[in-house]
Amino acid sequence: MKIRQFTEDQIIKLLQEGKKGEKSVEDLCREFGCSTASYYTWKKKYGDTNPDEARRLLGQNGLA
């Protein structure tokens, strides 16, 4: 079974920083250490949820 590199808190923090729009997505991903493809995948799945709901969804999908 594959081990996840990023915790749910890290993913949520990245998505919240992306919503602010202060930095480009490329810069955020570079600082975070993930690909832009991962960012957009997470945003598509969890981007419009609040942090508590995103944690619940991440836990349901086995990403916890």
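Modeller: One term to start: buried means under 20% relative accessible area. Keep in mind that this is a predicted model.

Colleague: OK. Is Phe6 buried or exposed?
Modeller: Phe6 counts as buried, because its relative accessibility is 14%.

Colleague: And what about Phe32?
Modeller: Phe32 counts as partly exposed, at 22% relative accessibility.

Colleague: How many aromatic pairs are there?
Modeller: The count comes to four. One of them is Phe6 with Phe32, which is stacked. Their centres are 4.8 Å apart, with 20° between the planes.

Colleague: Which parts does that pair tie together?
Modeller: Phe6 lies in the segment before α1 (8-20), and Phe32 in helix α2 (residues 25-32), so the pair ties together parts 26 residues apart in sequence.

Colleague: How do the rings of Phe6 and Trp42 sit?
Modeller: Their planes are at 80° and their centres 5.5 Å apart, so this pair is edge-to-face. It links distant parts of the chain, with Trp42 in helix α3 (residues 36-46), 36 residues from Phe6. Both Phe6 and Trp42 are buried.

Colleague: Which residues make up the aromatic cluster?
Modeller: Phe6, Phe32 and Trp42 form one cluster.

Colleague: Switching to α3. Which of its residues are buried?
Modeller: Tyr39, Trp42 and Tyr46. Seen down the axis of α3, they fall within an arc of 70°, so they line one face of the helix.

Colleague: Why would residues a few places apart point the same way?
Modeller: An α-helix has 3.6 residues a turn, so residues three or four places apart point the same way.

Colleague: What does the face of α3 turned away from the buried side carry?
Modeller: That face has the exposed residues Lys44 and Lys45.

Note on methods
Residues numbered from 1 in each chain as written. Predicted model: local features only at pLDDT ≥ 70, side-chain atom pairs only at ≥ 80, totals over all residues. Heavy atoms only, no water. Phe/Tyr/Trp six-rings, centres within 6.5 Å; stacked < 30°, edge-to-face > 60°. Helix = DSSP H or I, 4+ residues; strand = E, 2+ residues; numbered from the N terminus. Buried < 20%, exposed > 50% of the residue type's maximum accessible area, 1.4 Å probe, protein only. Arc of directions from axis to C-beta.
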